Structure formats: structure tokens, C-alpha cells
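Here are a few friendly notes to read alongside the structure. They begin with the charged pairs and then move on to a helix, the surface and the chain as a whole.

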Amino acid sequence: MAGTVFAYGQTASGKTYAQPGVIPRAVSDVFNYIREDHHGREYLLRVSYLEIYNERIRDLLGEDPNANQPEIHEDSKRGVYVKGLNETIVTTPEQVMQIIKKGEGSRKVSATEYNKRSSRSHTMFQLVIESKSKDAYPVDRAAVQVSQLNLIDLAGSEKVTKDFERQKEGGYINKSLLTLGTVISKLTSGQTTTHIPFRDSKLTRILQTALSGNARISIICTVNPTRSSKEESLSTLRFAERAKLVKTAAKMTKITEHSELQNCLKKIEELQTKMQEKTEASYIITPNTNQVINMCW
């Protein structure tokens, strides 16, 4: 099961002010739920952070976001996912927020006609939650429930600017947002045979599983009240109207092999076995001196 939250709207319409409130509360709720879980389950949480800049995926948690090229893959169990991202196992909300802060430092931001520091890319922070019953054995065959929370910060749509670099970035941003709007429109058209252009942008391709219905989605639409932004505000409101019609039916995802939780628990079992064998061996190698003498005689 997946949950996806993103903000949509024109540059300088207030999206940035929505995200700082949503992210820490969402992360805090996840950890509170785990602490209050009395059903005897074991959990493993891991996070990744990417951005889509000029239709290129950059790993914001890598030492050099430009060093590798994460690629979009799809399989029957995981759906659409990005392969090659750095993932970090986390144990506290504070650790999650530190990782987000680290990733923010690698984002593409620049001054525009609207903001001194404007996002020039779309970002996706993903928190994956794996859990299993403590009584389920063997650990490498036990069913593991997998859930994920996607927190998405969309770059704002904007008008044409004179600056060449900002114009290039704006072109990619507007194209991907237009594709997102088209996908939403097609999904709510009621025509089952309609082709859905998920592959027309990296953004919609990554969001394909969520937009196709296997997720709970929350969209925050922001508008700028100034008269000069009237057209952009109307466009955002039309997008919101269409998005409300998208139907979702999120299902619980379970896997029985190759989960990160299974791998960690298996390693723990192996280490515990080795420690026990080492402890038993130490008793055989270093027995009581009197016993050794008696044995020799």
C-alpha cells in the first residue's frame, strides 16, 4: 500500500510553506504508529530522495548526484520504481529529517523573476516501511508487508523568461506538469480504452502506480491571489477539479522473499549462530587446567 502527497501550483504560490508542515507530521505519525503497535511486529524503515531536473533523475543522497544515472524499472511485484538510488535505513524521526536536510542541500535551486531561491526540479522523498510478525518463521520465507510514503515537491509552473537557462528549465518543468494534467484528465475521462501517456515524462512514469489507483493520494493545490496570476490560478483550480475525480483502491502489498527486512533478520540470525558457536568453542579450547592434566594422563 502506498500513500502519496504532493503540492501543485504556480511558482511563488506558497507550495514551499505547505511542505515543511506536511513532512515532519507525516514522518512523526509513522514512528508513533510503530511505537504504539501492540500486535508484535518487527519493522524496518528505509528512505531515498531523488529529483527530476531537466528530465534527468538525480540521486540527492549520493556523494555526487551527477555521478550515476538511476533508471526507471517496472516489475509485477513492485510496480514502477527507480533502480540505483541510495537507500538509508532509519530508526528515528530526527534521522529522517537530517537526511531530508542533506538532500535539500543538493537540489537545483536558482533565482527567478518570482523568488530568490526557486525550485528548478521536482523532488520525491520516499519512506518504505517493511514489517512482519515476530512469530513468523523462518525469517527468509515469512510474509512481509510493504508500504511506502511518497512526499513530492513539484516545481511550480511559470511563464516564459528572458534568461536562457531559466527558460530551458521552465520548459522541462511546464512540459512535465502539462503531462501530469493530461494523465489526470485521461484517468477521469471514463473511457477505458483511452491511452494514458505515463511515459511522456519521468514524473508521471514514476507516479504511474500511484495514479493508476494503488495508493492513497493527497494533493495540495496552491494559488496566487494577484491579478497577474489569474490564468495560472484558474489552470490550477481546473487541475484540482479533475484530480478530485481520480478513483483509488489501494491494496496491501506482501512479499515472501528478498525483502530488506528479511535480509537483515537473516544476517542477525547468522551472526547469533556464529557467536554461539564461538562461545561454545571457547569452552572446548580453554577448559579447566586440572581437567587438561587429568585428560593427558
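1. How many salt bridges does the count come to? The count comes to seven, and this is in a predicted model.

2. Are the two partners buried or exposed? Glu87 is partly exposed, at a relative accessible area of 40%. Arg46 has a value of 13%, under the 20% limit, so Arg46 counts as buried.

3. Next, have a look at Glu74 and Arg205, a salt bridge whose closest N and O atoms are 3.1 Å apart. This pair links distant parts of the chain: Glu74 is in strand β4 (residues 71-75) and Arg205 in helix α4 (residues 202-206), 131 residues apart. With a relative accessible area of 45%, Glu74 is partly exposed. Arg205 is at 9%, and therefore counts as buried.

4. Asp153 and Arg107 form another salt bridge, with 2.8 Å between the closest N and O atoms. Asp153 lies in strand β10 (residues 144-153) and Arg107 in the loop between α2 (93-104) and β7 (109-110), so parts that are 46 residues apart in sequence are tied together here. Both Asp153 and Arg107 are buried. Elsewhere, salt bridges with shared partners join Arg46, Glu87 and Glu130 into one network.

5. Helix α2 deserves a paragraph of its own. Its twelve residues should span 16 Å at 1.5 Å a residue, and the C-alpha atoms at its ends are 17 Å apart, which agrees. Which residues of α2 are buried? They are Pro93, Val96, Ile99, Ile100 and Gly103. Viewed down the axis of α2, these buried residues fall within an arc of 120 degrees, so they line one face of the helix. On the face turned away from that buried side you will find the exposed residues Glu94, Gln98 and Lys101.

6. On the surface, please look at Val223, Leu234 and Leu237, which form a nonpolar patch. Together these three residues have about 240 Å² of accessible area. Leu237 is found in helix α6 (residues 230-243). Its relative accessible area is 49%, which falls between the 20% and 50% limits, so Leu237 is partly exposed.

7. Finally, some totals for the chain. It has eight helices and twelve strands. Of its 297 residues, 42% are buried. Among contacts with a separation of 6 or more, 70% are between residues 24 or more positions apart. The accessible surface comes to about 17,700 Å², and carbon and sulfur atoms account for 51% of that area.

Notes: Residues numbered from 1 in each chain as written. Predicted model: local features only at pLDDT ≥ 70, side-chain atom pairs only at ≥ 80, totals over all residues. Heavy atoms only, no water. Helix = DSSP H or I, 4+ residues; strand = E, 2+ residues; numbered from the N terminus. Buried < 20%, exposed > 50% of the residue type's maximum accessible area, 1.4 Å probe, protein only. Contact = heavy atoms within 4.5 Å. Areas by Shrake-Rupley, 256 points an atom, 1.4 Å probe, with all protein chains shown as cover. Patch = residues over 30% accessible without salt bridge, like charges linked within 9 Å, V, L, I, M, F, W, Y side chains within 5 Å. Salt bridge = Lys/Arg side-chain N within 4 Å of Asp/Glu carboxyl O. Expected span 1.5 Å × (residues − 1). Arc of directions from axis to C-beta.
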